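This report walks through one protein model, from its overall fold down to single residues. Please look at the sequence and structure first.

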Amino acid sequence: MANFMSICTMRNLLVLSLALNLSLIMRVFYEGEKHGPRGFSAQKADRALEKAAHATQRTLVSLSSSGQDDGEKLINLDHGDPTMYESYWQQMGEKTTVVIPGWQSMSYFSDVKNPCWFLEPEFAKQVVRLHNLVGNAVTEGRQIVVGTGSSQLFLAALYALAPKDASEPISVISAAPFYSSYPSMTDYLKSGLYKWAGDARSFDKEGPYIELVTSPNNPDGFVRHSMVNRTGGILVHDLAYYWPQYTPISSAADHDLTLFTVSKATGHAGTRIGWALVKDPEVAKKMIKFIELSTIGVSRDSQLRAARILEVIINSSQNPGGPESGESFFKISYHFMAERWQLLREAVNKGRFFSLPDFQQGFCQFLNQVSQPQPAFAWLKCEDEGVEDCESLLRGHKILTRGGRSFGVGPKYVRVSMLDRDHNFNLFLKRLASIQT
């Protein structure tokens, strides 16, 4: 009987949603007939149909996500796969569609006049426009180097910055908790140029070093600055999450070498595009050489798609709500993240089993308001004295996370992705609440 009532309720909601959306379409047509040709257009009808279709789709998704959790589904929140953004881009429809004829982008070369000869001019143009709009990085006097994600650019930076005639590999460090892939990426090829040397807080070796500064930090979300500050130190700033949906934009980053990625800025991880802003032309040339030797450039097709995506984001911020631009990506994404963090804090605060970091508010120059950091990952701690390994505890409830040891700290901590689809995130909240009861 309960199952029958549940099915009836879902069917009733679906019928109601379809009826409301149909009434929206009929109202548009009615207004058109009422006001004549000047008050109605095919474009308005198309927009009404598009809104109705998306509203119905959201209802279907909500209904499919509202079922009972039997605890058998595996929820993988180990990776930062940004599928949360799918709903926004679905609503944008064909605005980001790029048609590439078979004869286009056939050459290795994008712009032979640019030191980064595989950099698409249109992508470089939109990168500069985006940073100028958001105000999160200085682009003037910088060489843009495009890469296959920021991971390739990270390795290119190590290659470019490491001395070639040193008697031993240069030390590469970052303050714990550090990004879990830094150690493995640094040492994977067993290079004679550089070597992972651990936590920057305890680094006391004399001589040159490369310090990786991730801000906001992955995994804990805090704003970071260099820790060592000694002569001979070289800084690489990884600013993948320095966007207004994750943290207040306080100023334009003005560093020697900064890394960004499309995956965390827009959610398009599969496009595999990142970029570096490099002040020193010689360092930029060495990074370009690394990419040339490893992959003979970067996909021109992916750059063209990324350029269009960035252009749409810029237009949505400059003309929000317009028929050609849609709703502001950054403002909607900010509200997505704010809602998720509110729900997570409510779930955690219902008991004393878990805890989350507390962040200080700051003024965001882009949003023109005071806002609080709401990172792409939750740095969750198991406070219960009987639990030594938080990752194992959550795995027992079929929640996959990444344990603190991967980030250079203890097993009481786990990193949880906040960017998964609504259904998985809601299931995670339910199971988190059930652990505390």
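Thr139 sits in the loop that runs between α4 (121-134) and β2. The model is a predicted one. Is Thr139 buried or exposed? Its relative accessibility is 15%. Buried means under 20% relative accessible area, so Thr139 counts as buried. Leaving aside residues up to four places away in sequence, Thr139 touches Val128, His131, Asn132 and Leu277.

Arg142 lies in the loop between α4 and β2. With a relative accessible area of 15%, Arg142 is buried. Which residues does Arg142 touch, not counting those up to four places away in sequence? They are Asp254, His255, Leu277, Val278 and Lys279. Leu277 is also on the contact list of Thr139. Arg142 and Pro281 are 139 residues apart in sequence, but their C-alpha atoms are 8.1 Å apart in space.

## The chain as a whole

The protein has 437 residues, and 49% of them count as buried. Its secondary structure comprises twelve helices and 15 strands.

Take the contacts between residues at least 6 apart in sequence: 73% of them join residues at least 24 apart.

## The seven-stranded sheet

Seven strands form an open sheet. In what order do they run? The order is β2-β8-β7-β6-β5-β3-β4, and the pairing is mixed. β2 (143-147) and β4 are the edge strands, each pairing on one side only. On average, neighbouring strands of this sheet are turned by 25° against each other, direction ignored.

Strands of a sheet pair through backbone hydrogen bonds, either parallel or antiparallel. Which sense applies to β3 and β4? Strand β3 (residues 170-174) and strand β4 (residues 194-199) pair in the parallel sense, over five bridges. Ile170 stands opposite Tyr194 in β4. Val172 faces Trp196 of β4 in the pairing, standing opposite that residue.

The link between these two strands includes a helix. β3, helix α6 (residues 181-187) and β4 make a β-α-β unit, and the unit is right-handed.

Helix α8 (residues 281-295) has 15 residues. From its first C-alpha to its last, α8 reaches 21 Å. That is close to the 21 Å expected at 1.5 Å a residue.

Which residues of α8 are buried? They are Val283, Ala284, Met287, Ile288, Phe290 and Ile291. These residues cover an arc of only 155° around the axis, so they lie on the same side of α8. Pro281 and Leu293, on the other side of α8, are exposed.

What do the buried residues of α8 pack against? Their partners are β2, α5 (149-161), β7 (257-261) and β8 (274-278). Among these, β2, β8 and β7 belong to the seven-stranded sheet. β2 is one of its edge strands.

## Two cis peptide bonds

The peptide bond from Ala176 to Pro177 is cis, with omega near 0°. Pro177 is found in the loop between β3 and α6. Both of those elements take part in the right-handed β-α-β unit.

A cis bond also joins Ser215 to Pro216, where omega is near -5°. Pro216 lies in the loop between β5 (209-214) and β6 (233-238). In the order of the sheet, β6 and β5 stand side by side.

Asn368 has phi near 60°, a positive value in a residue other than glycine. Where is Asn368? The residue lies in the loop between β10 (362-364) and β11 (369-371). Asn368 counts as exposed because its relative accessibility is 59%, and exposed means over 50%.

Lys398 is a residue other than glycine with a positive phi, near 60°. Its place is in the loop between α11 (390-396) and β13 (399-400). At 29% relative accessibility, Lys398 counts as partly exposed.

Note on methods
Residues are numbered from 1 along each chain as its sequence is written. This is a predicted model: local features need pLDDT of at least 70, side-chain atom pairs count only at pLDDT 80 or more; totals for chains, interfaces and linings use all residues. Side-chain values use heavy atoms; hydrogens and water are left out. Two strands pair if DSSP finds at least two bridges between them. Helices (H or I, at least four residues) and strands (E, at least two) are DSSP runs, numbered from the N terminus. A crossover is right-handed if, with the strands pointing away from the viewer, the path from the first strand over the helix to the second runs clockwise. Axes are lines fitted to C-alpha atoms, for helices over the stretch in contact, and angles run from 0 to 180 degrees between N-to-C directions. The expected span of a helix is 1.5 Å times one less than its number of residues. Buried means under 20% relative accessible area, exposed over 50%, partly exposed in between (1.4 Å probe, protein chains only). The arc is that of the directions from the helix axis to the C-beta atoms. Contact means heavy atoms within 4.5 Å.
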